[in-house]
Amino acid sequence: MTVHLVVTTATPDRESGEKLAGSAVAARLAGTAQVIGPVTSFFWHLGESGKGEEFNVTFKTTDARYAELEAHIIANHPWDKPEVTAVELVRGSADYLAWAEESTRPC
């Protein structure tokens, strides 16, 4: 049984989010990706609390492609230690999940 994931990261601007989204889909590491934002983020960094504007990027993929997608995001991200998290989809329409599997199958 295929495990389906929603993978997320955040970027400092729309352009870097679109670059990550487009390159991951073109490489078939994700079937789809969305860039959402701007959003206001509150965080701890270097021992201090901070606030900033970010763009969320979400990817739909399979567990089989996760390691390659994570490596791709990290290698192409403008930040040194970007957030890369994944949540398992526990339900989804059969047709959509089949499409996600087909879209992420290596050529």
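Four strands make up an open sheet in the order β2-β3-β1-β4, with antiparallel pairing. At the edges stand β2 and β4 (85-88), each with a single partner strand, so one side of each has no neighbour in the sheet. On average, neighbouring strands of this sheet are turned by 30° against each other, direction ignored. Keep in mind as you look that this is a predicted model.

Let's follow the pairings one by one. Strand β2 (residues 32-45) and β3 run antiparallel and are joined by 12 bridges. To find one of them, look for F42, whose bridge partner in β3 is K51. These two strands, β2 and β3, form a hairpin with 2 residues between them. In that turn, L46 has a positive phi of about 55°.

On we go to β1 (residues 4-11). This strand pairs with β3 (residues 48-62) in the antiparallel sense over 8 bridges, and here T11 stands opposite F55 in β3. With β4, β1 pairs in the antiparallel sense over 4 bridges, and T8 stands opposite T85 in β4.

How do the two helices meet each other? Two packed helices are described by the angle between their axes and the distance between the axes. Here, the axes of α1 (residues 14-26) and α2 (residues 63-76) come within 10 Å and cross at roughly 145°, and the crossing is right-handed. Take a look at L20, S23 and A24 in α1, which meet L69, H72, I73 and N76 in α2. By class, this contact has 4 nonpolar, 3 polar and no charged residues.

Finally, let's zoom in on one residue, T9, which lies in strand β1. Is T9 buried or exposed? Its relative accessible area is 1%, so T9 counts as buried, the cut-off being under 20%. Leaving aside neighbours within four places in sequence, T9 is in contact with several residues, among them L20, F55, I73 and H77. The side chain of T9 makes a polar contact with the side chain of H77 (3.5 Å). The T9 side chain also reaches the backbone oxygen of E83 at 2.5 Å.

Conventions. Residues are numbered from 1 along each chain as its sequence is written. This is a predicted model: local features need pLDDT of at least 70, side-chain atom pairs count only at pLDDT 80 or more; totals for chains, interfaces and linings use all residues. Side-chain values use heavy atoms; hydrogens and water are left out. Axes are lines fitted to C-alpha atoms, for helices over the stretch in contact, and angles run from 0 to 180 degrees between N-to-C directions. A crossing is left-handed if the near helix is turned anticlockwise from the far one by less than a right angle, and right-handed if clockwise. Contact means heavy atoms within 4.5 Å. Ala, Val, Leu, Ile, Met, Phe, Trp, Tyr, Cys and Pro count as nonpolar, Asp, Glu, Lys and Arg as charged, and the others, Gly among them, as polar. Buried means under 20% relative accessible area, exposed over 50%, partly exposed in between (1.4 Å probe, protein chains only). A polar contact is a pair of N or O atoms within 3.5 Å; within protein, one must be able to donate a hydrogen and the other to accept it, and residues adjacent in sequence count only if both atoms are side-chain atoms. Two strands pair if DSSP finds at least two bridges between them.
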